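Please read them with the coordinates open.

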2 protein chains.
Amino acid sequence: MNIKENIIQSHQRISPYIHRTPVFTSQMINEIAGVSLFFKCENFQKMGAFKMRGATNAILQLSDEQKKKGVVTHSSGSFAQALALAAKNLNINAYIVMPNNAPEVKKKAVHEYGGIITECEPTLEDRETTANQIQLEKGATFIHPFNDFNVILGNASVGKELLEYHPELDIIVVPVGGGGLISGTILSALAFGNNCTIIGAEPFNVDDAYRSLESGKIEHNLTTDTIADGLKTSLGDITFNIINNHLKTIIRVTEDEIVDAMQLILERMKIIVEPSSAVTLAAVLKSKQEFFNKKVGLILSGGNIDFRKLPF
Amino acid sequence: MNIKENIIQSHQRISPYIHRTPVFTSQMINEIAGVSLFFKCENFQKMGAFKMRGATNAILQLSDEQKKKGVVTHSSGSFAQALALAAKNLNINAYIVMPNNAPEVKKKAVHEYGGIITECEPTLEDRETTANQIQLEKGATFIHPFNDFNVILGNASVGKELLEYHPELDIIVVPVGGGGLISGTILSALAFGNNCTIIGAEPFNVDDAYRSLESGKIEHNLTTDTIADGLKTSLGDITFNIINNHLKTIIRVTEDEIVDAMQLILERMKIIVEPSSAVTLAAVLKSKQEFFNKKVGLILSGGNIDFRKLPF
């Protein structure tokens with residue numbers, strides 16, 4: 001089965017469990033940017049982020065035997081919530097390994113979605129060890145937040161829907177964290193786009209993907225000092241491979257540019273996006289010449305923020 | 001011409017200048033409320049509030065001679081911005097009388113929409129005198145923010161669109177300030193509803209409309225101490241007349257209930273609404289028995305808030 005057919009089937013498979021999110025436009029932001037922008041609103045997705053798509057697709061690809069034993073992941077971010085909710089929707093167990101220093105609000109959200117939380121030390125090693133142990137004890141299947149082809153195929157439905165809405169997009173701008181969303185979008189653009197280019201957007205402070213593209217190998221971040229907390233992760237081998245083969249450009253933006261773009265979206269579009277989503281608009285506003293006279297899609301990846309800690 | 005035909009024509013007249021706003025639903029809020037809710041998102045309206053509809057309709061009903069001389073209103077609220085933008089869209093002058101203690105951010109917004117601001121003392125008397133003077137000097141036509149039948153007919157298009165989206169709504173809940181929105185919605189429900197009841201929602205702290213319904217005459221507020229700053233105004237004779245003849249119920253809510261509902265909308269629906277909009281959901285959550293087993297529309301009247309002053 002080719003990629004196109006694979007994406008179509010994944011999309012059909014997850015459709016009963018996800019929202020087909022709307023595409024918003026804003027005349028005022030178009031005027032500011034000097035370009036026609038089409039915002040794909042995954043902040044309105046169930047559980048507030050695109051990750052519901054990949055999580056749901058990965059679970060639905062399991063055998064009945066596997067489903068009975070549940071799934072396990074380690075994540076302090078929104079994939080934990082996504083896997084918990086996707087599993088709940090399908091009536092299976094989700095074991096979520098979370099670092100013991102994860103914010104209470106995130107643990108609470110996972111719990112509310114029915115996830116079974118196991119706390120671990122806040123190191124990658126202990127996260128992996130703990131997840132391994134659960135795999136052994138429960139027979140649960142490990143599902144990686146992004147470095148998993150079924151997760152990527154599920155995420156690819158975002159770009160597919162956007163290109164079905166507007167087949168003539170010249171460019172789609174996508175945030176780059178672990179690379180699960182942009183990998184899926186690259187595959188969708190190849191399958192459904194009409195010469196549609198994908199451009200990545202990443203904070204300067206965690207520009208591992210930018211550096212990985214430069215060096216040709218997976219680079220890591222020495223610090224993770226960014227407001228865009230969904231984008232701190234490094235690439236995996238699967239996502240790096242797709243990105244390295246197909247992506248030409250990643251635009252890096254400063255923290256101030258992210259905050260300004262987030263504020264612009266909130267004030268002008270009246271919608272809530274998380275900082276990780278706002279990097280896309282920040283990239284367009286920073287590199288207007290790159291987008292001049294183009295029809296540009298932007299993926300607003302999620303909307304889970306803490307209002308008590310707004311940066312403006 | 002009957003009311004129904006009047007609303008249809010008003011809607012057609014303003015359609016090129018306004019958004020047909022979407023209707024949102026939220027499974028999670030439905031579960032919390034125990035009722036099916038349909039949110040009409042006027043927070044996505046141009047300039048961020050339903051007032052664009054009434055302002056545009058009122059201007060479009062002027063003669064060419066009148067249009068040449070412009071329009072004038074006094075308002076420190078969003079009608080000032082609405083009239084300025086509606087006038088700009090139609091290439092005519094809008095003279096806006098604003099109290100000299102109005103927040104800078106509001107003056108700036110009116111200015112950016114092209115409104116010509118005249119400041120006055122912060123008393124109703126001086127507002128009216130100053131507006132009168134501009135009428136005399138410029139020949140501009142005075143347009144009242146809500147106590148104007150053409151404004152009400154323009155506002156009625158909100159309810160018309162909502163009932164076109166969902167003709168079987170049992171109830172529509174509408175915030176009550178000066179009564180311009182609820183009057184229009186009452187007329188729309190009579191014209192396009194299928195036994196659709198209108199219910200008002202109002203803060204306890206400015207419950208002038210509730211008391212007006214009780215006493216059978218226009219009551220005023222002794223204090224205006226509410227976060228829902230769009231709802232401080234008293235009714236006018238036109239809006240009172242419509243409300244008094246057709247409205248049975250106004251549900252009053254506390255400031256805490258408004259804040260909680262606003263937070264719920266932001267967190268669960270990922271959209272920005274102003275406190276005046278959140279009174280509708282607050283009213284439903286407060287009086288669940290009133291809405292049990294009903295299909296309920298809620299009008300989210302606007303989304304203009306200052307993020308630096310969030311109440312939570």
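1. In this predicted model, the centres of domain 1 of chain A and domain 2 of chain A, taken over C-alpha atoms, are separated by 24 Å. Domain 1 of chain A comprises 3-49 + 148-309, and domain 2 of chain A comprises 52-142, with bounds that come from an automatic or database domain assignment.

2. The contact between these domains draws 23 residues from domain 1 of chain A and 18 residues from domain 2 of chain A, where two residues are in contact if their C-beta atoms, placed from the backbone, lie within 7 Å. On the side of domain 1 of chain A that touches domain 2 of chain A, α1 (3-14) and α8 (149-165) of chain A each supply at least two residues, and α8(A) gives the largest share, 8 residues. Helices (H or I, at least four residues) and strands (E, at least two) are DSSP runs, numbered from the N terminus.

3. By class, that side of domain 1 of chain A divides into 9 nonpolar, 10 polar and 4 charged residues; Ala, Val, Leu, Ile, Met, Phe, Trp, Tyr, Cys and Pro count as nonpolar, Asp, Glu, Lys and Arg as charged, and the others, Gly among them, as polar.

4. Between the chains, 12 residues of chain B are in contact with 12 residues of chain A. The side of chain B that touches chain A has 8 nonpolar, 3 polar and 1 charged residues.

5. Within chain B, strand β2 (residues 36-41) is joined to strand β1 (residues 23-24) by 2 bridges, the two running antiparallel, and F24(B) stands opposite F39(B) in β2(B). Strand β10 (residues 295-300) of chain B runs parallel to β2(B), with 6 bridges joining them, and here F38(B) stands opposite G297(B) in β10(B). Strands pair if DSSP finds at least two bridges between them.

6. On conventions, residues are numbered from 1 along each chain as its sequence is written, while chains are lettered from A and ligands numbered from 1 in the order in which they are written. Local features need pLDDT of at least 70 and side-chain atom pairs count only at pLDDT 80 or more, whereas totals for chains, interfaces and linings use all residues.
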